[in-house]
Amino acid sequence: MGSFIDRVAVVTGGGSGIGETTAIEFAERGASVVVADVDIEGGEATVEAIEDAGGDARFVETDVTDPEATRGMVDVAVDAYGRLDFAFNNAGIGGAQTPITDYDPDDWQTVIDVNLVGVFNCLKPEIEQMQAQGGGAVVNNSSILGQVGFASSSGYVAAKHGLLGLTKTAALENGETGVRINAVCPGFIETPLLDSGGITSDPEMRKQIEGLHAMNRLGTPQEVADAVCWLCSDEASFVTGEALGVEGGYLSR
Ligand code: NAP
């Protein structure tokens with residue numbers, strides 16, 4: 001895959017899990033990286049890891065539910081590096097694990113606000129900047145749960161399905177602008193998000209979730225990072241509006 005030297009990337013939720021690994025992967029391929037997160041400690045640790053490895057990065061505290069903050073995030077990239085080539089809209093939360101009948105409406109709204117509205121808030125300034133430059137590549141982090149249902153996760157599933165509609169629409173609006181917009185749909189990936197749902201710490205639950213994938217295991221953040229970087233690369237120049245599974249055969253059954 002071609003190098004990302006002289007390219008600039010932003011990664012939301014870059015302080016943990018898939019976002020952290022993808023920010024590091026962008027930097028290893030030569031990009032300068034803006035790490036955006038509500039988690040200051042995590043975001044700064046990602047920047048430190050990139051700098052320790054000889055890369056270039058900076059942290060910007062960003063809550064993706066705030067449109068001014070996401071605009072500020074893009075401004076940081078442009079002020080520091082003069083452009084924005086890649087954006088990985090990855091920040092997300094799991095939300096409650098409960099049936100619709102018990103789901104608190106405020107909690108449901110929070111999941112939609114972070115996982116769906118948050119990506120819309122990112123797309124607006126990212127696409128504006130990329131259009132002004134004449135090109136760029138955006139990847140939104142959806143999920144296998146953007147393509148099929150999962151009992152007791154209605155807020156998450158609804159947001160991740162909506163994210164695929166948003167991705168396709170953004171791709172159509174930008175077919176001739178040079179800005180490609182795609183999504184990744186990971187299976188269950190071993191990150192702190194899964195820990196918080198007890199999936200990785202409870203051996204029984206872990207075995208059950210692993211068994212939902214044809215490959216009978218969880219995925220790694222690196223496997224998602226590699227797919228995101230491919231979608232951003234020139235090798236994916238005719239790929240837009242795609243929902244790329246990184247899911248070990250979860251959807252094949
Ligand atoms: P993670 O380790 O929890 O990382 C998510 C990061 O996003 C955290 O640093 C989190 O901060 C941050 N964040 C949360 N709300 C935010 C907000 N409003 N604004 C900015 N940053 C915010 O989770 P992950 O597993 O890497 O998940 C990353 C993305 O992948 C999510 O969109 C998730 O839905 C998607 N995904 C994950 C899996 C999986 O199995 N892990 C599968 C498919 C898709 P705090 O820790 O402070 O909340």
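Analyst: Here are the labels, each set against its cut-off.

Analyst: This is a predicted model, where local features need pLDDT of at least 70, side-chain atom pairs count only at pLDDT 80 or more, and totals for chains, interfaces and linings use all residues. Residues are numbered from 1 along each chain as its sequence is written, and side-chain values use heavy atoms, with hydrogens and water left out.

User: Why is H4 called roughly parallel to H5?

Analyst: The axes of helix H4 (residues 105–133) and helix H5 (residues 154–173) cross at roughly 20° and come within 7 Å. Angles under 35 degrees count as roughly parallel, over 145 as roughly antiparallel, 65 to 115 as roughly perpendicular and the rest as oblique, so H4 is roughly parallel to H5. The axes are lines fitted to C-alpha atoms, over the stretch in contact for helices, and angles run from 0 to 180 degrees between N-to-C directions. As for the names, helices (H or I, at least four residues) and strands (E, at least two) are DSSP runs numbered from the N terminus.

User: What makes up the contact of H4 with H5?

Analyst: Contact means heavy atoms within 4.5 Å. On the H4 side you'll find, among them, Trp108, Val111 and Phe120, and the H5 residues include Tyr156, Leu163 and Ala170. The contact residues divide into 14 nonpolar, four polar and one charged. For those classes, Ala, Val, Leu, Ile, Met, Phe, Trp, Tyr, Cys and Pro count as nonpolar, Asp, Glu, Lys and Arg as charged, and the others, Gly among them, as polar.

User: How do you know that H1 is roughly parallel to H2?

Analyst: Helix H1 (residues 17–28) and helix H2 (residues 40–52) have axes that cross at roughly 25° and come within 10 Å. That angle makes H1 roughly parallel to H2. Glu20, Ala23, Ile24 and Ala27 of H1 make the contact with Thr46, Ala49 and Ile50 of H2. Those residues split into five nonpolar, one polar and one charged.

User: Why is the pair of Phe4 and Phe86 called tilted?

Analyst: Rings of Phe, Tyr and Trp (its six-membered ring) pair if their centres lie within 6.5 Å; planes under 30 degrees apart count as stacked, over 60 as edge-to-face and the rest as tilted. Phe4 and Phe86 sit 4.6 Å centre to centre with 50° between the planes, a tilted pair. The two are 82 residues apart, with Phe4 in the segment before strand S1 (8–12) and Phe86 in strand S4 (residues 86–89). Ring pairs also link Phe4, Phe26 and Phe86 into a cluster.

User: What makes Phe4 buried and Asp6 exposed?

Analyst: Buried means under 20% relative accessible area, exposed over 50%, partly exposed in between (1.4 Å probe, protein chains only). Phe4 has 2%, so buried is the word. Asp6 has 67%, so Asp6 is exposed. Phe86, at 1%, is buried as well.

User: And why does Asn216 count as partly exposed?

Analyst: Asn216 has 49% relative accessibility, so the label is partly exposed. Asn216 is found in the loop between helix H7 (203–210) and helix H8 (221–232).
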